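Here is a report on one protein model. Have the sequence and the 3D view open as you read.

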Amino acid sequence: MDVVIVPTAADVGTYAADVVAARIAQEPRTVLGVATGSSPVGIYRELARRRAAGSLDPTHLTCFALDEYVGLAPDHPRSYAAYLDQEVARPLGLPSGRVWVPEASRTDLEAAAEEHEQAIAAAGGIDLQILGIGTNGHIGFNEPISALSSRTRVAALSAQTRTDNARSFDGPDAVPTHCLTQGLGTILESRRVLLVAQGERKAAAVAAAVEGPVAARCPASVLQFHPRATLVLDEAAASALTLENHHRPVPDRGDGAVPGVSAPAS
Ligand code: F6R
């Protein structure tokens, strides 16, 4: 696991966008796994800014969402399909059909889950998976005690997650109770993982994921098994880490582009 600590939340977006942009420059037809929520917004907006400035052409990307709320149609304003249309597909100029979202408003949810897995496989697998982390350590909507080898499936949202996500709805009771989510086993198959976290409210989950045991009670800890997982954190999200010296190197670039980030150790 590589941990990059940058000074501010804005630096997280810029740094992570650099990683994504470098990948797109190398392989324009990259298959990108896209998280939703507040954490990756800075990445998407920075990529859109670079596209508008003419320094990046992301239009050949294929994207796969991690999850979707059960019961929300794609045109529901709180659906992740709508979020990805607004934050990813349109700003990055992706043709329709290039952002795949689990079809969680169908009645045959198990088939929808299986089809999401098959679509990922048919695209050749995910090259780079962007992740956020829940305050309870979830990635995707793999809540604590999810099987570490789980696949895309219907899962129940925890009370904690429904409270955390209530800001987007009319209170916690309005947050859907279930989702379709890629499994932890699915996420582990992506060739590279880029998890971003900002703010002190993520600090305990980040510390458990990075320094705790690999355990289903902190689903993100399964990333310790991933050969190419990079976490990009601001100072606040990194504030509960105790192995301070191990978390300062910049493993990917080390070119000093982000102020305050120390040079790589190796
Ligand atoms: C979203 C997702 C979730 C979020 C997590 C953090 O697609 O899979 O794991 O990344 O809940 O959400 P924010 O970024 O809103 O704090």
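## Basis of the model

This is a predicted model: local features need pLDDT of at least 70, side-chain atom pairs count only at pLDDT 80 or more, and totals for chains, interfaces and linings use all residues. Residues are numbered from 1 along each chain as its sequence is written, and side-chain values use heavy atoms, with hydrogens and water left out.

## The seven-stranded sheet

Seven strands form an open sheet with parallel pairing, in the order β1-β10-β9-β6-β2-β3-β5. Strands (E, at least two residues) and helices (H or I, at least four) are DSSP runs, numbered from the N terminus. Two strands pair if DSSP finds at least two bridges between them. The edges are β1 and β5 (99-100); each has a single partner strand, so one side of each lacks a neighbour in the sheet.

Strand β1 (residues 2-6) has four of its five residues buried, so the rest of the structure largely encloses it. Buried means under 20% relative accessible area, exposed means over 50%, and partly exposed lies in between (1.4 Å probe, protein chains only). Five bridges link β1 in parallel to strand β10 (residues 229-234). Val3 has Leu231 as its bridge partner in β10.

Strand β3 (residues 62-65) pairs with β5 in the parallel sense over two bridges. Here Cys63 has Val99 as its bridge partner.

## The three-stranded sheet

A second open sheet has three strands in the order β4-β8-β7, and its pairing is antiparallel. Its edge strands are β4 (67-69) and β7, each pairing on one side only. On average, neighbouring strands of this sheet are turned by 30° against each other, direction ignored.

Four bridges join β7 to strand β8 (residues 178-181) in the antiparallel sense. Ala156 stands opposite His178 of β8.

## Helices

Helix α1 (residues 9-26) packs on helix α2 (residues 41-53) at an angle of about 60°, with the axes 8 Å apart. That makes the pair oblique. Angles under 35 degrees count as roughly parallel, over 145 as roughly antiparallel, 65 to 115 as roughly perpendicular, and the rest as oblique. Axes are lines fitted to C-alpha atoms, for helices over the stretch in contact, and angles run from 0 to 180 degrees between N-to-C directions. Contact means heavy atoms within 4.5 Å. Residues making the α1-α2 contact include Gly13, Ala17 and Ala21 of α1, and Ile43, Leu47 and Arg50 of α2. α1 also lies across β1, β2 (31-34), β6, β9 (193-197) and β10, running at about 165° to β9.

Helix α7 (residues 203-211) holds Ala204, which is exposed at 56% relative accessibility. The buried residues of α7 are Ala203, Ala205, Val206, Ala207, Ala209 and Val210. Their cover includes β1, β9 and β10. Ala204 is 26 residues from Thr230 in sequence and 18 Å from Thr230 in space, C-alpha to C-alpha.

## Ser146

Where is Ser146 placed? Ser146 is in the loop between β6 (128-131) and β7 (153-156). Ser146 is buried, with a relative accessible area of 9%.

The Ser146 side chain has a polar atom 2.6 Å from the backbone oxygen of Glu143. A polar contact of 3.2 Å also links the side chains of Ser146 and Arg153. A polar contact is a pair of N or O atoms within 3.5 Å; within protein, one must be able to donate a hydrogen and the other to accept it, and residues adjacent in sequence count only if both atoms are side-chain atoms. Leaving aside neighbours within four places in sequence, Ser146 is in contact with Arg153, Leu184 and Ala216.
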